[in-house]
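Please look at the model below before reading on. The points that follow take the ligand, then the pocket.

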Amino acid sequence: MTPTLIVAQILNGVQLGLMLFLLAAGLTLIFGIMDMINLAHGSLYMIGAYLTATVTSATGSFFLGVGAAIIGTALIGMALEMSVLRQLYKRDHLSQVLATFGIILIVNEIVRMIWGAQPVLLNAPEVLSGPVEIVPGFRYPAFRLFLIGVGIAVALLLFFIVNRTRVGMWVRAGASNREMAQAMGVRIKLLFTLIFGLGAALCAVAGALLGPILSVQVGMGESILILAFVVIVIGGIGSIKGALIGALLVGIVDTAGRALLPLILRDLLGRDAATNIGGALASVLIYLLMALVLFWKPEGLFPARS
Amino acid sequence: MTALLEVRGLEAAYGASQVLFGVDLSIDSGQVVGLLGRNGMGKTTTIRTILGLLPARGGEIRFCGDRLNGKPPESIARMGVAVVPEGRQIFPNLTVRENLIAFAANRAAVPDPWTLDKVYALFPPLAARERNLGSRLSGGEQQMLAIGRALMTNPQLLILDEATEGLAPLLREEIWRCLSRLKAAGQTILVVDKYVERLIALADAHTILVRGQVAWRGSSEALSADRTLWSRYLGV
Ligand SMILES: Nc1ncnc2c1ncn2[C@@H]1O[C@H](COP(=O)(O)OP(=O)(O)OP(=O)(O)O)[C@@H](O)[C@H]1O
Ligand SMILES: [Mg+2]
C-alpha cells in the first residue's frame with residue numbers, strides 16, 4: 001500500500017462523493033421541503049446521461065452535450081412535477097414510493113424503446129482523456145480531476161443560491177416549516193417546480209459526467225439512487241450541507257473501502273480470503289457508516305427540522 | 001364603508017371534530033380588534049382558517065371585498081395578511097436578518113414602508129443579534145422577530161396570536177407599547193391575548209368566543225364596564 005495509492009483512492013472517493021452530492025442535493029430538498037420520496041430521481045440521472053450521449057455524438061462536442069442535457073433534463077423534470085408528482089405530495093410515503101417506482105419502470109421502458117437495450121457510448125472529451133501529473137511521479141486521470149472541479153463549482157453555486165439568495169431563504173424556510181413559509185407568502189407550488197427543475201439539472205450534470213466512467217445504460221439510475229438515499233439519511237433530510245458532508249463520507253468510505261480493505265486484510269487472512277471477505281465487507285461499509293451515524297444522531301448529521 | 005376583513009358564519013373542523021360553529025368577525029381599516037376566549041375556544045382555529053391554513057367548512061371570509069375561501073395561504077398572505085403565530089414559529093435555520101428580509105414586500109405600495117432599519121429601530125435587540133440563527137434567540141427576541149417578520153411584508157392586516165405569551169413582564173410591556181405604536185401609525189390589527197386589561201387599553205372592539213361561537217361582541221368601554229363578562233367568558 002503506497003501513499004500514492006491512498007491519495008488516488010481518496011481522490012476517487014471525493015470524486016464519487018461530489019457526484020453523489022449532485023444527486024443527493026435535489027433529493028434531500030425534495031424530501032425535506034415537499035416531504036416527498038421520489039425514486040424517479042435516478043431516472044432523471046439516466047435521462048441526463050442519455051441526452052448527453054446523443055447530443056455529444058450528434059454535435060461532436062461533449063460540452064454541448066452536457067449543456068443540452070442540463071436544459072433538457074430540467075424541462076423534463078419540471079414537466080414531470082407539474083403533471084404527475086404534484087398529485088403525490090399529499091399522499092403517504094408508501095403511495096409515493098409505489099407511484100415513483102412506476103415512473104422508473106415507465107422511463108426505463110421509454111429509454112429502451114428510443115435507445116435500445118444496449119449501453120450507449122459516451123466518451124470523455126478528447127482534451128481530458130489523458131492523465132495529468134499532479135506532483136512528480138503521481139499521475140491522475142484528467143477527466144476525473146475535471147469531475148472534482150465541476151463538483152466543487154456546482155456545490156459552491158448551490159451553496160450560494162441556498163445561502164445567499166431570497167429563493168434560497170425560501171427553500172430553507174420551507175424545509176424547516178412549510179406552513180409558516182406559505183403563511184409568509186412563499187408561492188410554494190412555483191418553488192416546488194423550480195426545485196424540481198434544479199434537482200433534475202443537477203441529475204443531468206451527474207449523469208453526463210459519470211456516463212463516461214460508469215456506463216450509460218437502462219437501469220443505471222437505480223443503483224446510484226440507493227447511495228444517494230444513504231447520503232441524505234446520513235446528512236439529515238432537507239439539508240444541503242448535510243448532503244455534501246454525507247456524500248463525501250459515503251464516496252470516500254465506499255471507494256477507499258473497496259480498494260483498501262482487501263489490501264489491509266491480506267496480511268491477516270491471506271490473499272484469497274482477503275479478496276472475498278474484504279470485498280463483501282467493503283460493500284456493506286456505507287451501511288455500517290449509516291447505522292453508526294443514526295445511532296449517534298437519529299436525525300442525521302444536519303437535520304433541517306429541529 | 002366596507003370592512004377590511006369580514007368573516008360571516010365561519011365553520012371549521014379538524015377531521016371529524018368541528019371546532020368553529022358560525023363565527024362572525026369584522027375589522028375596519030385602521031381598527032384594532034381583540035379576539036378573546038378561554039383555552040380551546042377556537043381563537044387560533046379562527047385565525048388559521050382566515051389565513052387559509054385550515055379549510056373553511058362553511059361561511060365566508062372576505063378581505064378588501066375579495067372572497068378568501070379556498071385560496072391557498074400564500075395567496076392570502078400576498079393580498080396583505082400577515083401573522084405573528086402562536087408559538088412564534090421563527091425559522092430556526094435562517095438568521096435574524098434572513099427571517100426579516102426573506103419575505104419583505106410592499107405589495108400595497110404603502111408610502112412609508114417598513115424596512116430592516118426601521119424594524120431594528122423598533123426592536124434594537126434584533127440588530128445586535130442580526131447574524132444569529134433564529135434558533136439561538138431567547139423567547140422575547142423570537143417574539144420581536146416574529147413581529148418584525150410580519151411587519152416587513154407591510155401587511156394591511158396584522159394578526160397576532162398570543163404575542164405576549166410566556167414573556168417576562170417587562171418584555172410583555174415592551175410588546176404592548178410596540179402594538180400601540182403600530183396602532184397610532186394606522187395599522188389594522190387583530191389581536192388574540194389573555195391579558196384583558198391590556199387588550200382593552202389597546203383595542204377598539206372585541207369579540208369573545210365560547211366553544212366556537214361568538215358569545216359577545218362590543219366596544220372596549222362596554223367590555224371594561226361589564227365585569228360579569230370577564231368572569232363568565234374569560235375566567236378572570
Ligand atoms: N390540530 C388539531 N387537531 C384536533 N383538534 C384540535 C387541533 N387544534 C386544536 N384543536 C381543538 O380545537 C379546539 C379549539 O382550539 P384552538 O387552538 O383554536 O383554541 P384557542 O382558543 O386558540 O385556545 P388557546 O387559548 O389554548 O390557544 C380545542 O378544543 C382544541 O382541542
Ligand atoms: Mg390558541
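1. An oxygen atom of ligand 1 lies 2.6 Å from an N or O atom in the side chain of B:E86; a polar contact is a pair of N or O atoms within 3.5 Å. This is a predicted model, in which local features need pLDDT of at least 70, side-chain atom pairs count only at pLDDT 80 or more, and totals for chains, interfaces and linings use all residues. Residues are numbered from 1 along each chain as its sequence is written, chains are lettered from A and ligands numbered from 1 in the order written, and side-chain values use heavy atoms, without hydrogens and water.

2. An oxygen atom of ligand 1 is also 2.8 Å from a polar backbone atom of B:G40. For the side chain of B:K194, the distance from an N or O atom to a ligand oxygen is 3.1 Å. Alone, ligand 1 exposes 630 Å², of which the protein buries 60% (Shrake-Rupley method, 1.4 Å probe).

3. The shell around ligand 1 holds 13 residues (a heavy atom within 4 Å). Among the closest are B:K43, B:T44 and B:T45. Helix 1 (residues 43-50) of chain B gives the most to this shell, 3 residues (helices are DSSP runs of H or I, at least four residues, numbered from the N terminus).

4. The largest pocket has about 790 Å³ of space. A pocket here is an open set of points on a 1 Å grid over the protein atoms alone, where a 1.4 Å probe fits, with protein on both sides within 12 Å along at least five of seven lines; lining residues have an atom within 4 Å of a point. The volume is the space filled by probe spheres set on the points, which are joined across faces, edges and corners. Of its 29 lining residues, those closest to the centre include A:N163, A:R172 and B:L133.

Definitions and conventions
A polar contact is a pair of N or O atoms within 3.5 Å; within protein, one must be able to donate a hydrogen and the other to accept it, and residues adjacent in sequence count only if both atoms are side-chain atoms. Helices (H or I, at least four residues) and strands (E, at least two) are DSSP runs, numbered from the N terminus.
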